[in-house]
Amino acid sequence: MMPVARKLLFLDDEPHFSLAVKDLMAEEGIAVSVESEPTAALEHLAREAHGVIFSDYNLGGETSVGFLQRARHASPRTSRYLITASRTSEVESDFMTAGE
């Protein structure tokens, strides 16, 4: 069984990008679980522990702020990271307001 620290949960609504990340991390011996919707990612997290979560900010009409807050409560020892191509003050403000 793979140690939790070597398991990554990747949430992004762009499947080509997710699969590229999964392949790249596999080369480094890191198991990546890919989800495209926040609800599915939370269900996955409830079934299987992960050491790290990466979530895209824009998830097809919603942001990852709420997801990362729920993930923190569901798995407080899991590190959480935001990824985004958007460099706006709105992104920073959302996360500062949410306490992430």
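## Aromatic pairs and strands in a predicted model

Tutor: Strands β3 and β4 pair in the parallel sense over five bridges. The model is predicted: local features need pLDDT of at least 70, side-chain atom pairs count only at pLDDT 80 or more, and totals for chains, interfaces and linings use all residues. Residues are numbered from 1 along each chain as its sequence is written, and side-chain values use heavy atoms, without hydrogens and water.

Student: What makes β3 and β4 a pair of strands?

Tutor: Two strands pair if DSSP finds at least two bridges between them. Here there are five bridges, so β3 and β4 pair. Strands themselves are DSSP runs (E, at least two residues), numbered from the N terminus; helices are runs of H or I, at least four residues. In β4, Tyr-81 is the bridge partner of Phe-54.

Student: Why is the pair of Phe-54 and Tyr-81 called stacked?

Tutor: Rings of Phe, Tyr and Trp (its six-membered ring) pair if their centres lie within 6.5 Å; planes under 30 degrees apart count as stacked, over 60 as edge-to-face and the rest as tilted. The centres of Phe-54 and Tyr-81 are 5.2 Å apart and the planes are at 25°, so the pair is stacked.

Student: Why is the pair of Phe-10 and Phe-17 called tilted?

Tutor: The angle between the planes is 55°, with 5.8 Å centre to centre.

Student: How do you know whether Phe-10 is buried or exposed?

Tutor: Buried means under 20% relative accessible area, exposed over 50%, partly exposed in between (1.4 Å probe, protein chains only). Phe-10 has 3%, so Phe-10 is buried. Phe-17 has 40%, so Phe-17 is partly exposed.
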